[in-house]
Amino acid sequence: MKISDETIDRVKSAGSVVFFSGAGISAESGIPIFRGKDGIWNKLKPEELANFDAFLRNPQMVWEWYEHRKKIILESKPNSAHLAIAEMQNFISNVIVITQNIDNLHKRAGSKIVYELHGNIERNYCIKCHTMYNREIEFIDGIPKCKCGGLIRPDIVWFGEFLPQDQFNASEKASGECDVFFIIGTSAVVYPAASLIYTAKAGKAYLIEVNIESTEISHIVNESYFGQAGEVLPEILEKIKN
Ligand code: NAD
């Protein structure tokens, strides 16, 4: 893939660079995406499981789906795209990751500033008393319960729920102020997360998309690299180093 001089100059001279990521960045780690040509939405409908009403109706079924996804995620590793972004911290002054992913792979790769818009599958909390639980939850008849008797749920933003205010506010500020805004492996159709792309564009950011195919926002970005994130980002990193 030919990386343009403009991309490298912009990144090298930037005061801050944001990497906005979606499920596609983790596809090469073996975690299925939702949409796109290999998306699991072709097979089942996460919006029917990932919502609070479904959880109250049938917590056991919702937990089965999350335990299945958690197993895949915990067995996977950050790939060369996550690692390249983390390594860029050594060469660019202010690297900020904003992710829609719940898989924790950016932090595991070593990225220091990571705003999680949709939660994190490694965390859980009680819907009654809000006690946080990490991995130490115990299942009885397929359902984990809190000491207070309340149901424990994954700390994930479900359909119809608000994003964590602190994470979204910090993301809006970073997007509005950055010089370069990368959009990696996202179909850019999930709102309000996707609105950050327009916030960055309304600011001073140069927009660079990395995706295997064109998306809803391809026509508004400054440059698009159509290829696997795990190949394109290491190439950009190499050019920045030299
Ligand atoms: P999406 O599934 O809607 O879109 C994925 C995008 O990634 C597509 O545009 C696809 O073309 C692209 N893509 C696939 N493989 C790629 C690769 N190797 N390199 C570059 N691009 C690639 O994902 P989304 O936009 O993030 O929205 C889905 C929602 O589902 C998010 O809110 C997220 O929370 C959740 N989700 C998370 C994970 C995860 O944590 N890994 C996985 C699936 C879904």
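A salt bridge, as I use the term here, is a side-chain nitrogen of Lys or Arg within 4 Å of a carboxyl oxygen of Asp or Glu. I am working on a predicted model.

**Entry 1, the two domains**

I started with the domain assignment of the protein chain. Domain 1 takes in 1–30 + 77–118 + 162–242, and domain 2 takes in 32–75 + 120–156. I then looked up the C-alpha centres of domain 1 and domain 2, which lie 26 Å apart.

**Entry 2, the interface**

The size of an interface is often given as the accessible area lost when the parts come together. For domain 1 against domain 2 I get about 1200 Å² buried, with 51% of that coming from carbon and sulfur atoms.

How many salt bridges are there between domain 1 and domain 2? I count 1.

Searching the whole structure, I find 11 salt bridges. One that I noted joins the side chains of Glu116 and Arg123, at 3.1 Å from N to O. Another pairs Lys173 with Glu177, whose closest N and O atoms are 3.3 Å apart. Lys173 and Glu177 both sit in helix 7, 4 residues apart, or about one turn of the helix.

I stayed with helix 7. Two packed helices are described by the angle between their axes and the distance between the axes. For helix 7 (residues 165–177) and helix 8 (residues 195–202), the axes come within 7 Å and cross at roughly 35°. Which residues make the contact? From helix 7 I list Phe168, Ser171, Glu172, Ser175 and Gly176; from helix 8, Ser195, Leu196, Thr199 and Ala200. Sorted by class, the residues of this contact come to 3 nonpolar, 5 polar and 1 charged.

I finished with the backbone. Most residues other than glycine have a negative phi, and most peptide bonds are trans. Is the peptide bond from Tyr191 to Pro192 cis or trans? I find it cis, with omega near 5°. Pro192 belongs to the loop between strand 9 (180–184) and helix 8.

My other entry is His130, a residue other than glycine with a positive phi, near 65°. I place His130 in the loop between strand 4 (119–126) and strand 5 (132–133).

Conventions: Residues numbered from 1 in each chain as written. Predicted model: local features only at pLDDT ≥ 70, side-chain atom pairs only at ≥ 80, totals over all residues. Heavy atoms only, no water. Domains from an automatic or database assignment. Buried area = accessible area lost by both parts, 1.4 Å probe. Axes fitted to C-alpha atoms, helices over the stretch in contact; angles between N-to-C directions. Helix = DSSP H or I, 4+ residues; strand = E, 2+ residues; numbered from the N terminus. Contact = heavy atoms within 4.5 Å. Nonpolar A, V, L, I, M, F, W, Y, C, P; charged D, E, K, R; others polar.
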